[in-house]
Amino acid sequence: MTATDTVAGAAATAGLPQPFAELGLTQAEYEKIVDTLGRRPTSAELALYSVMWSEHCSYKSSKVHLRQFAAKAPPSDALLAGIGHNAGVVDIGQGYAVTFKIESHNHPSYVEPHQGAATGVGGIVRDILAMGARPVAVMDALRFGPASAPDTGRVLPGVVSGISFYGNCLGLPNIGGELDFDPSYAGNPLVNALCVGVMRHGDLQVASASGPGNQVILFGSTTGPDGVGGASVLASATFGEVKGGGEVGGGESAKRPSVQVGDPFTEKLLVECCLELFAGGLVVGIQDLGAAGIACATTELTAGGTGGMLVRLDAVPLRDASLGPPEILMSESQERMMAVVEPARVEAFLAVCAKWDVRAAVIGEVTDTGRLVMTWHGEPVVDIPPSSAADGPVYARPAERPAAQDALAADDPAALPRLADGDGLRADLLALLSSPGLADKSWVTDQYDRYVRGDTVLAMPEDGGLIRVDETTGLGIALATDGNGRYCRLDPYLGTQLALSEAYRNVAATGASPLAVTNCLNFGSPEDPAVMWQFAEAVRGLADGCAVLGVPVTGGNVSFYNQTGTVAIHPTPVIGVLGVHDDVRRRLSVGFPDVSGPASIVLLGRTGEEFGGSAWAHVLHGHLGGRPPAPDLDAERRLAALLVAAAEAGLLSSAHDLSDGGLAVALAESCLRGGVGCAVRLPGDPFTALFSESAGRAIVAVRPGAEAAFGQLRDAHGVAGETIGTAGGDSLVVDGCFAIPLTELAAVHGQTLPALFG
Amino acid sequence: MLWHGDRDLRGVDAVILPGGFSYGDYLRCGAIARFAPVMSELVPAARAGLPVLGICNGFQILCEAHLLPGALTRNAALRFITRDLRLRVENTRTAWTRAYSGGEQIVVPLKSGEGAYAADPGTLADLEASGQVVIRYASDNPNGSADGIAGVCNAEGNVVGLMPHPEHAVDSLTGPSADGLGFFASVVAAGVMT
């Protein structure tokens, strides 16, 4: 074993060259560490600072913008814990609270799709667990390069099998998400995993190490070399321009060991073990181990608590005995948690761990020294003020609207040729339905267990997932995630508001009232002023949008460096909205009803000629230009209130939001979901009516006999609407344009993904 | 609920081995769980007539424990499948299917990665001849199971295993139907659970 780099040794060897650049730290950052410590850092301290100050952990480039979420937050009495915690906590009534969060695992999923995606699920589940909640469902928002690209054939099946492997084994229903394809994601797939958990109000746990003398226990899996440096290397280096030196160099294959390996069975045991520990009141504070492993858990627990901690790194159970302090601190081995426990309760704590076959070790204790000190066989190897690592640097990076943005906006899709006759419109609809982004996603979603736990009321392909929380009262929660990189490329401010609007509308389309927002902000390099402008605009758009809609942002995640060489992905904020459903028995499905009397179909909202960034322009013409549809947040709010009120009053038998592909695609989806056709007459220009993507719209099937009551309710909410036809039959019939049998629709919709992926 | 680590059936009248991923299914499904301490009590009790229902992973464990014939292998497409399926109840004389009528069709979700039922030709012929095929996929065969077999029983009919999940078809709010209730109603009606 090589000599350990101790604190005493570091003080005596000032000026020793250290590999800070290879670990992703700048010269200025390194000097700041030296200033803080009054000496050079030890190798363990350097490892700790490098992962804690990585973009992934420190949010150093995004912090100055993210402050808007709190500053502009609308008044809400639903928030029990907000930004800054592992995940926000929302009061849903009847003594229940819900916590939810979405997080990226983009880079690991490109390097090793199966394990990268699997551990993305595992990580977000532990975030939710650490709040004191029982995880009850997951969702995944996935974006890949062109569906037919050979590399998509490697990445997509691996990502899906990883999510399936981990989530199914963990016993969590997967209730929705997204799947889209665009060339901009070819070298940077987006794998964003969401988890939601439920608890009683009093169950909230805190991530702080308080009370000197309290014991620090590491439990769960052993610590190995997997994921060492994952946070700094994978999340901060740009693919294709890897910085030289050591383990970091060599491109994709050299990075493979940086991806963690998942063990969902151990995670399942960890979930049940933690919930029993919480119920027994055996925990003072708890933190999950994710990015930056023990380094992050110890610094954050300490910085959030009494302020000091003594950790014996040699007490950490290892699966590879050759690991030294830097590797132990940086390891991202999965399925681990860290708890702070009163000395008198350690025995009971360990007994619960033993019951669940969870390994646990006391590795340290809380102190009042104000220092985070770690020893290795008795010798101090870390001695730092914890907040210096936890807070990290803050950068106000230059942001500049790129000049090319004007040309992009001027490239109006109005100039694209349109097929206006019935046959042409029919062909366009079928082309949209068979395009990979809009095709039937069963090839993917059939690999996920949507039933487990027995409380899933709605899952994909519904607009939102819906989970029953209380069997007696029918209380439930709805969730939807949405994002549209094409809209955001055209205008990141408006595009982000459109994503927020769509997720909000999707939640309301189940009959649930939107309550809170989470986000996963996927962007290119923050060091590129054009990307930073996109990011700043997106955050501003989301904060402003949430203020108008009256839903607070409760937490989120930023993923930068999603680019290949100098080419960034489309800016892709993925927005998750949580809603509360007063009675899940009154949920609304997308599917047209199979009822005896003809159910009227009402188109809600206003339709304009809006094709910028549309699915029609993308699929039929490979075109991206112009302006995205104009969001109308006031109209969204009224539409959502109408849908919720109509569901509660039992006036509707289906509801479906209009988004990608407009009315045409929405009608086809409602027909296919319900197995029931429809006959509609189009208002105005048929092409615009069918394919425009104006926001703030939905189609509903009104329960026969409730037409007048629904009309009054619609007027009272100030929502525009028009009866366009009726549900029934076995074809999608557009008066004067075309008729498509459901069998043909289903075949065209269903064939694409199996043909691509087997 | 019985605990896997206890060698004790606590005098229960019937046992359901539920689905899930025992020991992560990292080895062959059910291959480790069959050695759980509770199985040392369950196996002789089942041979003595205790009604036992194995669902999905529970079915795999019963096969691994040789309480049921055959084995479950990876789905033909080598992917996990969640799908609502039409099933036909072939044998209504077992402890778990008496509430159904012969040939009745029910809709119940299937959700498994290793659900392809396999047995040698002689065993398959014996199962058919003796009516031990309890449940069959009625429309398409989703996973490549031999003869479309979704569930089988032992010769006495007290031990039944099936891959689909009847517990997910007990309420149309949270499942595709309430058709799965019959499995549980059967054992209750038989008077073994009061």
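**A sheet and its strands**

Modeller: Start with one pair of residues: A:Val602 stands opposite A:Thr723, which lies in strand 26 of chain A. Keep in mind that this is a predicted model. The pair belongs to a longer contact. Strand 22 (residues 599-604) and strand 26 (residues 721-727) of chain A run antiparallel and are joined by six bridges. Strands of a sheet pair through backbone hydrogen bonds, in either a parallel or an antiparallel way.

Now widen the view. Seven strands of chain A form an open sheet, in the order 23-25-22-26-24-27-28. The pairing in this sheet is mixed. At the edges stand strand 23 (652-657) and strand 28 (738-741) of chain A. Each has a single partner strand, so one side of each is left without a neighbour in the sheet. On average, neighbouring strands of this sheet are turned by 20 degrees against each other, direction ignored.

Next, turn to strand 4 (residues 134-144) of chain A. Ten of its eleven residues are buried, so strand 4 is largely enclosed by the rest of the structure. Strand 4 pairs with strand 6 (residues 190-200) of chain A in the antiparallel sense, over nine bridges. There, A:Met139 has A:Leu194 of strand 6 as its bridge partner. Strand 4 also runs parallel to strand 5 (residues 174-181) of chain A, with six bridges joining them. In that pairing, A:Leu142 has A:Leu179 of strand 5 as its bridge partner. From strand 4 the chain crosses through helix 8 (residues 150-170) of chain A to strand 5, and this β-α-β crossover is right-handed.

Note on methods:
Residues are numbered from 1 along each chain as its sequence is written. Chains are lettered from A and ligands numbered from 1 in the order in which they are written. This is a predicted model: local features need pLDDT of at least 70, side-chain atom pairs count only at pLDDT 80 or more; totals for chains, interfaces and linings use all residues. A residue is buried if 20 or more other C-beta atoms lie within 10 Å of its own, exposed if 12 or fewer, and partly exposed in between; C-beta atoms are placed from the backbone. Helices (H or I, at least four residues) and strands (E, at least two) are DSSP runs, numbered from the N terminus. Two strands pair if DSSP finds at least two bridges between them. A crossover is right-handed if, with the strands pointing away from the viewer, the path from the first strand over the helix to the second runs clockwise. Axes are lines fitted to C-alpha atoms, for helices over the stretch in contact, and angles run from 0 to 180 degrees between N-to-C directions.
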